[in-house]
Amino acid sequence: MAVSGTLKQLLDAGLIAEDDEIRYTEVRRGTVHMGRIDADGLIHTDKGVGTSPSTALRQLVNYSMNGWKYWTHVATGKTLAELRAEMGSQQ
């Protein structure tokens, strides 16, 4: 079963917080990309504002990826997908 949810819902559940950092390491290029989550669940990067994890990641790497799977929440070391699954199990 697919787990759903938004970054705003993760914020509301207390699993992430405003201004938390997320990171994606692009191994092929040796590049680390960083993002910051705002109070509305948007992701701010040096390339703009992403409305979802996948949108924000696509802006950085120029190809489509599942941002839920590849962004890591710096404070916990968990992927956004893992945090979303935790939220689903709490409901």
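Start by selecting D12. In this predicted model, D12 is exposed, with a relative accessible area of 56%. At 36% relative accessibility, K8 counts as partly exposed. The two side chains meet in a salt bridge, 3.2 Å from N to O. Both residues sit in helix α1, 4 residues apart, so about one helical turn separates them. An α-helix has 3.6 residues a turn, so residues three or four places apart point the same way.

How many salt bridges does a search of the whole structure find? It finds 4. Go to E26 and R29 for another one. Their closest N and O atoms are 3.2 Å apart. Is E26 buried or exposed? E26 is buried, because its relative accessible area is 1% and buried means under 20%.

Next, select K78 and E86. Their side chains meet in a salt bridge at 2.3 Å, N to O. K78 is partly exposed at 29% relative accessibility. E86 is partly exposed too, with a relative accessible area of 25%.

**The sheet**

Switch to a cartoon view and colour the strands. There are 6 in an open sheet, ordered β4-β3-β2-β1-β5-β6, with antiparallel pairing. Which strands stand at the edges? They are β4 (48–50) and β6 (78–79). Each has a single partner strand, so one side of each is left without a neighbour in the sheet.

Zoom in on β1, residues 21–26. Show its side chains. I22, Y24 and E26 make up the covered face. E21, R23 and T25 make up the uncovered one. In a regular strand the side chains alternate between the two faces of the sheet.

Pick out two opposite pairs. Y24 stands opposite H33 in β2, and R23 stands opposite M34. Follow the chain from β1 into β2: the two strands form a hairpin with 4 residues between them. Stop at G30 in the turn, where phi is positive, about 65°.

Then bring in β5, residues 72–73. β5 runs antiparallel to β1, and 2 bridges join them. Select R23 again: its bridge partner in β5 is T72.

**Helix α2**

Move to α2, residues 53–61. Select P53, S54, A56, L57, L60 and V61, which are buried. Why do they lie on the same side of α2? They cover an arc of only 160° around the axis, which puts them there. Just after the helix, click N62. Its phi is positive, about 70°.

**The core**

Finish inside. In soluble globular proteins, nonpolar side chains tend to be buried together. Here the largest nonpolar core has 19 residues. Select L7, L10, I16, I37, I43, W71 and L80, the residues with the most contacts inside this core. Which elements give two or more residues to it? They are α1 (7–12), β1, α2 and α4 (80–90). The largest share, 4 residues, comes from α2.

For a last stop, centre on I16 and set aside its neighbours within four places in sequence. What else is I16 in contact with? Its contacts are L7, L10, L11, I37, H73 and L83.

Notes: Residues numbered from 1 in each chain as written. Predicted model: local features only at pLDDT ≥ 70, side-chain atom pairs only at ≥ 80, totals over all residues. Heavy atoms only, no water. Buried < 20%, exposed > 50% of the residue type's maximum accessible area, 1.4 Å probe, protein only. Pairing = 2+ DSSP bridges. Arc of directions from axis to C-beta. Core = buried A, V, L, I, M, F, W, Y, C linked by side-chain atoms within 4.5 Å. Contact = heavy atoms within 4.5 Å.
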